[in-house]
Amino acid sequence: MALNPNKDLKQFYTISEVAEMFQLNETTLRFWEKEFPQQIAPRKGARNVRHYSKDDLEKIRIVKSLVKDRGLKIAAARQLLKHNNQGQAQQTEVIDRLRAIRAQLVAIKKEMGEL
């Protein structure tokens, strides 16, 4: 089976693809599934192969932002998601956009310095 180069057309992703997308270990994803069962619950197919949907990817992005980027402990992240899931999703999206803008500005500054 060939790997689909246009990932936007895919409905489900394997654990290795998700781990690569988020630069995480597969073990970390499995651990988060146990720690955040209400947020991260991929479908399991034949032979217990995990299939992550786009919704799962969004939730993983939020958990990664809370745990890895902000440095929250698992219990604190779980509480935050339990009480304010929608707010965390919006805040994470804004932070990601700001990081992308910063990267673009840094690249422009570098190009300007080379002139």
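**View 1. Arg99 pairs with Asp69 in a salt bridge, their closest N and O atoms 3.2 Å apart.** Arg99 belongs to helix H4 and Asp69 to helix H3, so the pair ties together parts 30 residues apart in sequence. The model is predicted: local features need pLDDT of at least 70, side-chain atom pairs count only at pLDDT 80 or more, and totals for chains, interfaces and linings use all residues. Residues are numbered from 1 along each chain as its sequence is written, and side-chain values use heavy atoms, without hydrogens and water. A salt bridge here means a side-chain nitrogen of Lys or Arg within 4 Å of a carboxyl oxygen of Asp or Glu. Helices are DSSP runs (H or I, at least four residues), numbered from the N terminus. Arg99 is partly exposed at 44% relative accessible area, and Asp69 is partly exposed at 38%. (Buried is under 20%, exposed over 50%, partly exposed in between; 1.4 Å probe, protein chains only.)

**View 2. Lys59 and Asp55 join in a salt bridge (3.1 Å, N to O).** Both lie in helix H3 (residues 54-69), 4 residues apart, about one turn of the helix. Lys59 is partly exposed at 22%; Asp55 is partly exposed at 45%.

**View 3. Arg61 and Glu58 form a salt bridge at 2.3 Å, N to O.** They sit 3 residues apart in helix H3. Arg61 counts as buried at 18%, whereas Glu58 is partly exposed at 29%. The whole structure holds 6 salt bridges.

Key. Helices (H or I, at least four residues) and strands (E, at least two) are DSSP runs, numbered from the N terminus.
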